[in-house]
Amino acid sequence: MYIKNIIVYNTMETKNIPLPLETEEYTIYGATWCKFCVKAKELLDDLMIDYVYHDIDDYGVHEVFDFLKDLTFEKRTIPIVFHKGQFLGGYDSLKEQVDF
């Protein structure tokens with residue numbers, strides 16, 4: 001599901017920021033330059049847990065933060081992790097939930 005259309009800066013391209021879905025085990029909003037985003041992906045990969053990853057640089061960092069602020073209690077750091085459509089937190093929250 002997509003709710004917000006944005007125009008990517010310095011291009012005429014329009015992209016839709018996707019919402020996290022209940023049908024997705026985990027949804028991560030992150031960036032390639034963020035070490036904790038990379039660690040979050042590696043953690044789920046190592047545990048063979050399905051997830052959907054959205055690179056916030058594809059949409060605009062501030063646009064993603066603004067779009068998700070009501071779901072994340074205005075969290076403005078990455079990664080932003082959702083579990084089955086519900087906000088979980090960042091890397092530490094993810095690691096705590098999947099470490100068993």
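View 1. Helices (H or I, at least four residues) and strands (E, at least two) are DSSP runs, numbered from the N terminus. Buried residues (under 20% relative accessible area with a 1.4 Å probe, protein chains only; exposed is over 50%, partly exposed in between) include Phe65 and Leu68 of helix 2. Phe73, which follows helix 2, has a positive phi near 55°.

**View 2. Tyr29 and Phe82 form an edge-to-face pair.** Rings of Phe, Tyr and Trp (its six-membered ring) pair if their centres lie within 6.5 Å; planes under 30 degrees apart are stacked, over 60 edge-to-face and the rest tilted. The centres of Tyr29 and Phe82 are 5.9 Å apart and their planes at 75°. Because Tyr29 lies in strand 3 and Phe82 in strand 5, the pair ties together parts 53 residues apart in sequence. Both residues are buried.

**View 3. Tyr29, Phe73, Phe82 and Phe87 form one aromatic cluster.** Phe82 and Phe87 have ring centres 5.8 Å apart and planes at 65°, so this pair is edge-to-face. Phe87 is partly exposed, at 24% relative accessibility.

**Notes.** Residues are numbered from 1 along each chain as its sequence is written. In this predicted model, local features need pLDDT of at least 70 and side-chain atom pairs 80 or more, whereas totals for chains, interfaces and linings use all residues, and side-chain values use heavy atoms, without hydrogens and water.
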